[in-house]
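These notes are meant to be read with the model open beside them.

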Amino acid sequence: MSFHLKSQRTLTVDGTNWSPAIPSITEAGNDYSGVYESLSNQIYLNASIPLLLASGKISVHYEAISTWNSSFILQARRTGNGTTTCLLCSISGGTSYTTIPSTDVELFQIQAVASLASYSNIPVQLKLSGISVTIPATSYSSRIVFTISAL
């Protein structure tokens, strides 16, 4: 009998739902400002890479919940490094807004050099644009999904 154990990268997501406050249009001929940003720490990610000399990438995509409009542009960015006890680990990328598509796109990377990499409370900010009076008025929702995998 033999056993094969495989280390797993882990990722947990904390935060609250974001519902941007979109003001009413009160003047004929006006349009919405079109760009809405969440708090800089709307979402917190906790990531773990359990192997020495290993790496991982954090990817993101959205899933429409009931109604979504293809004119909307949803974006995310990492606004900080969070905290870690790993001295030779690094986190890179993702500090500029990345457009979130309906299929995975890389947001940032974590590298473990001489220790196991574990980061907590990595802050993520969201941005929504593409809102216009030409889009039918209704409630729109989507879910943002983060995944961690090998490079």
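1. Which residue of strand 11 does Lys57 stand opposite? Lys57 stands opposite Ser149 in strand 11, where a strand is a DSSP run of E with at least two residues, a helix is a run of H or I with at least four residues, and both are numbered from the N terminus.

2. On provenance, this is a predicted model, in which local features need pLDDT of at least 70 and side-chain atom pairs count only at pLDDT 80 or more, while totals for chains, interfaces and linings use all residues. Residues are numbered from 1 along each chain as its sequence is written, and side-chain values use heavy atoms, with hydrogens and water left out.

3. The open sheet consists of four strands in the order 7-9-4-11 with antiparallel pairing, two strands being paired if DSSP finds at least two bridges between them. At its edges are strand 7 (90-92) and strand 11, each of which pairs on one side only. Neighbouring strands of this sheet are turned by 20° against each other on average, direction ignored; here axes are lines fitted to C-alpha atoms, for helices over the stretch in contact, and angles run from 0 to 180 degrees between N-to-C directions.

4. Taking the pairs in turn, strand 7 and strand 9 (residues 105-111) are antiparallel over three bridges, and Ser92 stands opposite Gln109 in strand 9. Strand 4 is joined to strand 9 by six bridges, again antiparallel; Gly56 has Ile110 as its bridge partner in strand 9, and Ser59 stands opposite Glu106. Strand 4 and strand 11 pair in the antiparallel sense over nine bridges.

5. Not counting residues up to four places away in sequence, Tyr62 touches Trp68, Leu74, Ile100, Pro101, Ser102, Ser142, Arg143 and Ile144, a contact being heavy atoms within 4.5 Å.

6. Lys127 belongs to strand 10. Leu39 is 88 residues from Lys127 in sequence, with the two C-alpha atoms 9.5 Å apart in space. Leaving aside neighbours within four places in sequence, the contacts of Lys127 include Trp18, Glu37, Leu74 and Tyr97.

7. A search of the whole structure finds one disulfide, defined as a pair of cysteine sulfur atoms within 2.5 Å. Cys86 and Cys89 form this link, with their sulfur atoms 1.8 Å apart, and the link is right-handed, with 70° about the S-S bond.

8. The largest pocket holds about 900 Å³ of space. A pocket is an open set of points on a 1 Å grid over the protein atoms alone, where a 1.4 Å probe fits and protein lies on both sides within 12 Å along at least five of seven lines; lining residues have an atom within 4 Å of a point. Of its 34 lining residues, the closest to the centre are Trp18, Ser19, Pro20, Tyr140 and Ser141. Strand 1 (10-15), strand 10 (117-129) and strand 11 (141-149) are the elements that give two or more residues to the lining, and strand 11 gives the most, with five residues. By class, the lining has 21 nonpolar, 11 polar and two charged residues, with Ala, Val, Leu, Ile, Met, Phe, Trp, Tyr, Cys and Pro counted as nonpolar, Asp, Glu, Lys and Arg as charged, and the others, Gly among them, as polar.

Key:
Points joined across faces, edges and corners; volume = space filled by probe spheres on them.
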